[in-house]
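Trainee: Please show me how to read a protein model, feature by feature.

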Amino acid sequence: TQARKYPASRTWCIDTPLGRSGVHETLGRYDGPTLVVVGGHHGDEPAGYIAASLLAQHVFVETGRIVVIPQANPSAIGAFSRYGQLEGESDLNRCYQVPASSRDAYCAGTLHAASILATVLAVGPIAVADLHETSYRHAAARLAAERVDADGYWCFADTELDRRIASDVGLPVLPAPAIPTSLTSTTSRHGIVSLAIETRDNMSLGARVRLHVAAVLTLAARVGLSLKLPAYVLDVFPPETP
């Protein structure tokens with residue numbers, strides 16, 4: 001395979017009435033598969049979009065390509081809320097491939113989700129990682145009921161292939177019905193390995209950011225990419241302390 005003298009990168013924007021979401025692409029010295037990382041579907045889950053932003057700005061790619069959308073919902077991030085600031089705005093991660101007959105089919109969130117999905121499909125990824133956080137108090141009972149041993153993070157995975165990849169990279173899977181209008185359920189239907197990765201919010205922000213970064217790097221290695229993030233990038237986010 002022809003090697004590039006230097007890794008190449010470019011940035012562009014998804015621009016809709018919901019706001020502007022930057023898209024950051026980094027190509028490695030050697031060709032390989034593409035990984036898409038998305039953060040910021042929910043504005044009150046900062047570890048996901050911080051981790052995605054760090055990857056977008058600082059990742060070094062030796063083999064393959066990574067495409068990062070750090071702030072999927074800029075409106076929600078600006079309000080630090082699950083939903084955004086526009087009147088009638090709903091959960092962006094329930095706006096993918098909404099049926100045309102739905103009253104939400106042409107709302108700002110649905111249009112923005114359609115643009116994100118079009119971008120993801122256009123770059124042809126082998127895998128998608130969507131970074132989230134959840135209330136551990138809310139999830140603890142479900143994790144216990146399903147006997148899922150989740151040490152800090154887990155994921156939702158719709159297909160057998162998704163679950164196999166999650167197992168390979170050490171991500172516990174919390175069984176749950178698929179959400180047809182979420183990003184990862186939608187990309188799973190397109191045959192793309194898709195994991196919605198959750199960290200628990202009773203850990204420090206630094207620990208959650210580090211877990212997200214580790215999960216992405218491990219997933220990338222499993223699907224054939226070679227990525228590195230300089231250690232100093234995470235120095236401002238100390239790990240969990242006893």
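Mentor: Start with burial. Buried means under 20% relative accessible area, exposed over 50%, partly exposed in between (1.4 Å probe, protein chains only). In α7, the buried residues are Gly206, Ala207, Arg208, Val209, Leu211, His212, Val213, Ala215, Val216, Leu219 and Ala220. This is a predicted model: local features need pLDDT of at least 70, side-chain atom pairs count only at pLDDT 80 or more, and totals for chains, interfaces and linings use all residues. Residues are numbered from 1 along each chain as its sequence is written, and side-chain values use heavy atoms, leaving out hydrogens and water.

Trainee: What follows α7?

Mentor: Gly224 does, with a positive phi near 105°.

Trainee: How many helices and strands does the protein chain have?

Mentor: Helices (H or I, at least four residues) and strands (E, at least two) are DSSP runs, numbered from the N terminus. The protein chain has seven helices and eight strands.

Trainee: How much of the protein chain is buried?

Mentor: Buried residues make up 52% of its 242 residues.

Trainee: Which share of contacts joins residues at least 24 apart?

Mentor: Contact means heavy atoms within 4.5 Å. Count contacts in the protein chain between residues at least 6 apart in sequence: 74% join residues at least 24 apart.
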